[in-house]
Amino acid sequence: MLRRGGGLGRGARHHRPDRAGRRRRARHRRHPHRVADRLARARSGPRRTRRGGAAAPAGASRGHDRPARGRDHRPRVRHLPRRQGAEVRAGHPAARVRRRPLHLQGPSRAHRRRGAHRARGPGLDQWHAGQRTEGDAHHSRGRRRGAGGRDDVPLPVRGLTVAVLRIRTPGRPAWEVPLDADEVTIGRSEDCEVVVDEDEVSRRHAVLRYGPNGWSIEDLGSRNGLFVNDERVARHVLEGGETLRLGRTVQLELLDDDEAAASAAPPRAAAAPAAGGGGPLGFLRVTEWTLRTTHPRARGREFRLVAASTTVGRDPGAGIQVEDDSISRIHARLDRDAAGLSVTDLKSRNGVRVNGEPVLQAPLEAGDTVEFGDVAFEVGLRHGWSRARLVGAAVAIVALAGVGLGVKITSDALAERGRVERMHAAARRQVAESVREGIDAWRRGDHDFARGYLGYAADVLQLADLAPEGASAARPATLFRNVLRELPESYRDFDFGAVFDTTARGLQRAAIEALPDREFVAHETRRFAIELGQAPNVPDGFVEEVWYWVDAFVQRDRGTINLWLSRSVPLQPVLREELARAHLPEIFAYVAWVESGLNPRAVSPVGAVGLWQLMAPTARQYGLRVEGGGLDERTDPHRATTAAAAYVANLLRKFGPEQFMCALASYNRGEGGVWRAMEKIPDPLMPSSRKYWYLVENRLLPVETSKYVPKIFAVAIIAQNPERFGFRRPGA
């Protein structure tokens with residue numbers, strides 16, 4: 001009885017499977033490499049005998065090596081699903097992959113006719129592992145009516161792989177995305193399976209599809225187009241070695257899993273050094289690959305390989321255009337990455353040779369000769385400074401410096417503003433206290449002390465710019481108008497004009513001058529202290545020091561006092577006028593008496609010159625010219641006094657406008673020394689009127705400075721009352 005090919009017997013109605021065989025043969029003719037690959041994998045794995053016997057090595061059954069006949073009863077898998085927890089091989093912040101369920105191609109019509117899709121068989125994992133189960137053996141032994149009554153013996157399934165899409169964008173390392181679905185959309189939109197966040201990419205730029213002929217790509221109406229081998233296409237079936245591009249900058253490459261794993265392997269031993277090198281400035285250095293042609297018509301021409309991939313060919317769109325008949329339109333591609341440089345033949349007519357050897361793909365080293373057709377190039381590698389990175393680093397440094405400077409300026413301005421506000425608050429409190437004490441002293445009959453209190457308050461208001469606009473000491477009611485608002489009601493109707501009345505002052509001074517010398521010196525010391533913002537309860541030790549200097553000048557140094565008094569006739573009015581313009585008490589004028597003996601041309605051993613004994617740097621800082629050839633404005637009484645008044649005013653801005661005594665001491669000790677001594681005061685809320693006395697009582701100032709201020713007080717007392725101490729009044 002005929003089994004196949006005839007019209008008799010049971011096999012006659014099973015003749016139609018031959019059409020499936022014809023389809024297989026047609027596929028073989030169209031895609032011989034796929035069938036050959038399938039057969040090779042089938043031969044390499046274990047297989048079964050026709051009758052379900054034990055498995056035998058390939059070629060051992062029945063003395064021949066052809067695979068056992070039969071059809072695979074399982075659904076054909078296009079792609080294996082990614083295992084749970086698997087990740088993209090090279091992650092990238094711009095790539096986000098949306099997962100879809102695994103798509104399986106169902107059983108063929110021949111399978112459905114024979115009922116193979118209803119058979120219980122092993123799971124996919126068991127088939128892939130080549131395991132045989134009891135269900136598998138039962139399935140292979142069960143006879144089904146089909147294919148001429150033959151037993152259906154399944155072939156081992158070859159290892160299936162997942163395609164991988166490699167993406168390169170400017171300024172970023174390449175990353176890979178597994179294509180685990182039959183249709184993958186690429187674009188900027190979050191709805192796409194592969195999101196590429198680049199300006200050149202449209203929201204839905206292109207779609208990759210898997211079909212009977214393999215992978216194809218289709219443009220979805222993008223703005224910047226889809227390019228294959230630098231040609232714009234609408235739809236294209238992909239083949240190996242092709243270069244895909246979205247727009248101008250985003251490059252795609254389709255790999256299978258094996259190629260992707262090979263490309264992820266460690267670089268070859270002779271890999272090019274990484275760009276930049278080591279060291280703190282390594283990022284400013286670059287490694288640059290070059291191609292220098294040795295063609296006679298273009299000898300010496302050099303091409304820099306800047307992009308990640310550069311094509312070579314005759315086409316005007318090629319990265320390196322070579323006009324030669326031996327060069328194909330798109331001949332080859334040069335790929336540059338961290339591993340080095342490689343060349344890939346893009347199915348050119350005349351091929352690619354490296355050092356004379358034909359290659360399809362090969363790494364390149366510095367000094368290699370690569371030939372595209374008849375045109376040879378020499379591969380070069382050089383290291384240098386990146387001009388763009390240097391400029392960028394310089395711009396970044398300048399920007400950071402500018403930001404830092406701006407922050408510092410702003411911080412300093414805020415700190416200075418806070419310091420000034422605190423200083424003004426302290427000055428307002430001190431002025432209000434002094435006005436109140438002055439009014440009380442006047443009402444008690446202590447007119448000298450009252451003038452001292454109110455004179456000090458007027459100086460501080462004007463020095464700290466707290467006085468009303470247009471106010472001055474000549475109009476005390478206007479000057480103290482804002483201060484009176486902070487005082488109780490009983491102080492607000494006080495007549496300030498009576499305090500500064502010269503007639504009343506004369507009567508008060510007559511009573512004071514009748515005091516014995518020692519009491520008179522104590523009274524004048526307290527008056528000067530009040531004029532300088534200190535409390536009238538002057539320490540006894542300070543009063544004794546003032547008396548010591550008065551007695552020394554009167555008893556043992558009368559000649560010095562007489563000389564100073566005679567020199568004061570033309571100079572004292574100048575000193576008084578300049579100090580009043582700077583809102584400083586008159587007692588500061590006697591600093592010049594002690595410092596230089598009122599000699600405008602006095603020179604100290606350390607180089608200080610003039611009435612105020614100014615050093616050259618300090619004089620220049622406050623506007624005086626000190627030059628060679630005899631020009632030295634420190635010897636000019638007017639200019640030198642103006643500079644000295646500005647120097648004292650600057651000290652008061654640092655210490656506080658109420659700290660006249662500390663400014664007076666710093667003229668001898670230096671501002672830094674007095675400032676450090678003031679920082680040792682334990683109580684930051686100590687009234688300003690007590691701070692200098694605290695420094696004196698606790699010996700926080702050097703002995704020389706402690707004696708310097710009492711000496712100035714003594715000279716001022718003698719100069720304002722010369723007849724009392726037996727001296728002749730100047731100009732009399």
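How many bridges join strand β16 to β17, and do these strands run parallel or antiparallel? What we have here is a predicted model.

First, the overall picture. The protein has 732 residues, and 45% of them count as buried. Its secondary structure comes to 21 helices and 24 strands. Now take contacts between residues at least 6 apart in sequence: 55% of these join residues at least 24 apart.

2 bridges join β16, residues 309–313, to β17, and the two run parallel. Within this pair, G313 of the chain stands opposite Q321 in β17. Both strands belong to an open sheet of 5 strands. The order is β17-β16-β18-β19-β22, with mixed pairing.

Next, the interior. Nonpolar side chains tend to be buried together in soluble globular proteins. In this model, the largest nonpolar core has 107 residues. V435, W612 and F713 have the most contacts inside it. Where does this core lie? It lies between domain 3 (420–509) and domain 4 (517–725), because both give residues to it.

W612 is then in contact with L575, F588, A589, V591, A592, A640, T641, A644 and Y667. Another core lies apart from the largest one. That one has 24 residues, including I186, L208, W215 and V250.

How values were computed:
Residues are numbered from 1 along each chain as its sequence is written. This is a predicted model: local features need pLDDT of at least 70, side-chain atom pairs count only at pLDDT 80 or more; totals for chains, interfaces and linings use all residues. Side-chain values use heavy atoms; hydrogens and water are left out. A nonpolar core is a set of buried Ala, Val, Leu, Ile, Met, Phe, Trp, Tyr and Cys residues joined through side-chain atoms within 4.5 Å. Buried means under 20% relative accessible area, exposed over 50%, partly exposed in between (1.4 Å probe, protein chains only). Domain bounds come from an automatic or database domain assignment. Contact means heavy atoms within 4.5 Å. Helices (H or I, at least four residues) and strands (E, at least two) are DSSP runs, numbered from the N terminus. Two strands pair if DSSP finds at least two bridges between them. Lists of a residue's contacts leave out its neighbours within four places in sequence.
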